[in-house]
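Here are some notes for a colleague who is opening this structure for the first time. Please keep the sequence and the model in view while reading the numbered points.

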Amino acid sequence: MSTPLFAAEPLAGLTLAAAQAAWLVSEVRIGRRNRMPAPDRIGRGSGLVVGIGLVAVYVGGPMLSLTVTAATITTGAVICFVAGLAIAAAGQALRLRAVRELGASFTFELQTVAGQRVIDTGPYARVRHPSYTGALICALGFTVAYTNWLAPLTVLVLAAAYMVRIPAEERMLVAALGDPYRRYIDRTWRLVPHVL
């Protein structure tokens, strides 16, 4: 039986650990930078669901890779590992770009602030939730780097979590921003242009 590259090769294991630590630090920085007190926060349930999706990818993916070794990628494992980390970096770069574009309006909690307006520039020009798109691309990249054919399936749990969160978020934004956000919905895609 084979083991995934991150378990078989110490350098790969350290590289994966460093990449995931960098991802975690960037997420913590996003959360701390844009934390706002709001007694009327909504969508806590969707936040929990997204948390479960993240655990599925970042804990479940490696565990699956270590336990279902029959699905370990052996041919081209190094290429998969490197490509996966590159995909993860690209996804996180998109997420960080989206966060920067929203500025103070971006929070982990579903909430709006007084005077908030519709942002339709940068990555928001064609996609309403590019930070989620970036998070999914990043997650997919890490699961490819796990070098197990089954690991990318864990991203489906995160995708399902966003399918719970997005409608709740959009209802909140329509209620808070009104017709400008409705018009924005009409001319944009949720996650991927011309697909979804």
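1. Tyr124 counts as buried, at 5% relative accessibility; buried means under 20% relative accessible area, exposed over 50%, and partly exposed in between, with a 1.4 Å probe and protein chains only. Tyr124 sits in the loop between α4 (77-102) and α5. Helices here are DSSP runs (H or I, at least four residues), numbered from the N terminus. Leaving out residues up to four places away in sequence, Tyr124 touches Ala98, Glu101, Leu102, Ile119, Pro130, Tyr184 and Thr188, where contact means heavy atoms within 4.5 Å.

2. A word on the source. This is a predicted model, in which local features need pLDDT of at least 70 and side-chain atom pairs count only at pLDDT 80 or more, while totals for chains, interfaces and linings use all residues. Residues are numbered from 1 along each chain as its sequence is written, and side-chain values use heavy atoms, with hydrogens and water left out.

3. Tyr124 and Leu196 are 72 residues apart in sequence, and their C-alpha atoms are 14 Å apart in space. For His194 and Tyr124 the separation is 70 residues in sequence and 14 Å in space, C-alpha to C-alpha.

4. His194 belongs to the segment after α7 and counts as exposed, at 58% relative accessibility. Its phi is positive, about 65°, although His194 is not a glycine. Most residues other than glycine have a negative phi. Not counting residues up to four places away in sequence, His194 touches Arg126 and Trp189. The side chains of His194 and Arg126 make a polar contact (2.6 Å); a polar contact is a pair of N or O atoms within 3.5 Å, and within protein one must be able to donate a hydrogen and the other to accept it, with residues adjacent in sequence counting only if both atoms are side-chain atoms.

5. Which residue follows α5 with a positive phi? That residue is Thr147, with phi near 50°, and Thr147 is not a glycine. Thr147 is placed in the loop between α5 and α6. At 0% relative accessibility, Thr147 is buried.

6. Helix α5 covers residues 130-145, 16 residues in all, and reaches 22 Å from its first C-alpha to its last, close to the 22 Å expected at 1.5 Å a residue. The expected span is 1.5 Å times one less than the number of residues. Of the 16 residues of α5, 13 are buried, so α5 is largely enclosed by the rest of the structure.

7. Helix α6 has 23 residues and reaches 31 Å from its first C-alpha to its last, close to the 33 Å expected. Just after α6 comes Gly178, with a positive phi of about 70°.

8. How do α6 and α7 meet? The axes of α6 (residues 155-177) and α7 (residues 179-187) come within 6 Å and cross at roughly 135°. Axes are lines fitted to C-alpha atoms, for helices over the stretch in contact, and angles run from 0 to 180 degrees between N-to-C directions. The two helices are therefore oblique to each other; angles under 35 degrees count as roughly parallel, over 145 as roughly antiparallel, 65 to 115 as roughly perpendicular and the rest as oblique. Glu170, Leu173, Val174 and Leu177 of α6 meet Asp179, Pro180, Tyr181, Arg182 and Ile185 of α7.

9. The axes of α2 and α4 come within 12 Å and cross at roughly 10°, which makes α2 roughly parallel to α4. Residues of α2, including Trp23, Glu27 and Ile30, meet residues of α4, among them Phe81, Gln92 and Arg95.

10. Glu27 lies in helix α2 (residues 10-33) and is buried, with a relative accessible area of 11%. The side chain of Glu27 makes a polar contact with the side chain of Gln92 (2.9 Å). Apart from neighbours within four places in sequence, Glu27 is in contact with Gln92, Arg95 and Phe108.
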